[in-house]
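Subject: Structure for you to look at

Hello,

Please find the structure below. My notes on what was found follow it.

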Amino acid sequence: MDVRTPSRPLAPPRRPRPSAATGVVVTVLVAAHVLAWQGTEFSPAALVEGWRGMADFLGQALPPDLSWSRVLSPGIRAALVTLAIGLLGTTLSVPFALGLALLAARTTTPDRWAYQAGRSILSFLRAVPDVVFALVFVTAVGLGPFAGVLALIFHNTGVMGKLWAEAMEEIDLGPRDALRTNGASGLQVALHAVLPAVVPQFVGLLLYRFDVNVRSSLVLGLVGAGGIGFLVNQSIKLFRFDEMVTHLMVVMALVVAVDQLSAFVRRRIGA
Amino acid sequence: MTPTGEVRHVEPPAAPSMDGAGVALAVRGLRKSFAGRTVLDGLDLRLRSGEFLALLGANGCGKSTALRCVVGLETPDGGMIHIHGREAGAARDAESARLRRRTAMVFQQVHLVRRRSVLDNVCAGALGRLPLRHSLTPLLFPRELREEAMACLDRVGLAARAAEPAGRLSGGQQQRVAIARALCQRASIVLADEPVSALDPVAADQVVGLLAELAREQRLAVAAVLHQPSLARRHADRVVGLLDGRVAVDAPAGALTEADLAALYAADRRPAEQEHR
């Protein structure tokens, strides 16, 4: 029989109507946005009225001060410090993030208490912003890039540990079970079945975090933890907006370069 | 199965004493249920060294669960598992762990680490007897182990592929690597859970034939869940058919009748009310 001309037409099922729950969710979302609008004193009118301030600012900021010895050269050197803070902050957090990730993944940690402990430590490290860690470490080791590195190690351990733990929880459990049946210990199973399966994801996430950490080490400079953020902050305080724009251009070049590099490597390893 | 529902048990002409030496694996009264559904309902099974046993039965009759209980991937609700005459308890004590190391499992989905080399995958079979300082990474595997693994690979005919990533081999080759891993574990009992369900007929015949050869040559006790009765007839010594979590047929492979098969696979087509009795 030709399926296009059935003897008796089959009624397609009706689409379900939007439920009451959908209406409630939409109403709650709209209400939340109204409250947020009021809570943040959001006012396009104020922005329009303040155009003169913006124009003054731009007038002072442009053209940027590109003098080599006074602005550009120190800016580039400080940007390299920022890059170094991001690099060390990322790399030195790897052992801590790995240990805590193994603890905080059900795949590798069957014990419920150990698992919860690992999760809690990671949550704490993640919940405290890196800027707050930087302020704490500035009081301990003084102003400068070292405080920034310490702050990134702590915060990045929390974030990367969580991301890695999740990557390990998503793997196919078959190879793990296969090694368990031949008597391998928990650590051996982690080393020979779980970790080899997640290497590309781990490297991809590591590069992504390096990218993020270079950008946050800029902000750390604003609170005194060295790097080009420190110079940006100084220019603002001295009302040298033309210098600030130059520093921001250096920052942009740095961020774009790191982003391109990390994207290139991630493409190559297929993560 | 006879119409009265009892086990159709055919003794082989010159069967060694069932209680005597040579019994590698003995399962008695094994019970397991998942969320109220009984999967194993007092399963009894004996497997001798040097014997290749084929387990047949419809989907959900408990074949895989029985094997998973033996290797410790599932904890049975009741019953006993004896490995070489000693009881392997449910608890994860050292004695049970040592006993269970004598059993190796081969899976339908193979479960090799695809990114690691074939040789490293085979070496991983020995992890249970390696101290941590020799097993932190494959770079630390001792030379003797690597040589032993090469011999295991040679036995399954894949020594030439040792350096390649496991994921690059065909399905049948990967399954043979998994068997080499079981050999490298020095297991005396090899349990295979649908080892050839994902393979083409030629590769399937090769893998099942290999398991049969290993049983005969190396006196391994091999039990394989199969879904092709023809493979069981061609290669197995004995066939055990499971129905509703119990043994329904236990016969030498040559004595397996069409009526036996019809009874085993009729389960899937039973009316629903009978299933929920």
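A polar contact here is a pair of N or O atoms within 3.5 Å; within protein, one of the two must be able to donate a hydrogen and the other to accept it, and residues adjacent in sequence count only if both atoms are side-chain atoms. Helices (H or I, at least four residues) and strands (E, at least two) are DSSP runs, numbered from the N terminus.

This is a predicted model: local features need pLDDT of at least 70, side-chain atom pairs count only at pLDDT 80 or more, and totals for chains, interfaces and linings use all residues. Residues are numbered from 1 along each chain as its sequence is written, chains are lettered from A and ligands numbered from 1 in the order in which they are written, and side-chain values use heavy atoms, with hydrogens and water left out.

Helix H6 of chain B

At the start of H6(B), the backbone nitrogen of B:Val202 has a side-chain oxygen of B:Asp200 within 3.0 Å. Just after H6(B), B:Arg219 has a positive phi of about 55 degrees.

Interface of chains A and B

In chain A, 17 residues are in contact with 26 residues of chain B. The buried area (accessible area, 1.4 Å probe, that two parts lose on being put together, summed over both) is about 1,700 Å², and carbon and sulfur atoms give 61% of it. A:Thr181, A:Asn182 and A:His192 supply 38% of what chain A buries against chain B, more than any other three residues. Seven residue pairs are in polar contact across the interface, both residues at pLDDT 80 or more. Helices H9 (174-181) and H10 (186-222) of chain A each supply at least two residues of the side that touches chain B. The largest share of that side, seven residues, comes from H10(A).

A residue in H10(A)

A:Val212 lies in helix H10 of chain A and is buried, with a relative accessible area of 18%. A:Thr90 is 122 residues from A:Val212 in sequence and 9.6 Å from A:Val212 in space, C-alpha to C-alpha.

Regards

Notes
Contact means heavy atoms within 4.5 Å. Buried means under 20% relative accessible area, exposed over 50%, partly exposed in between (1.4 Å probe, protein chains only).
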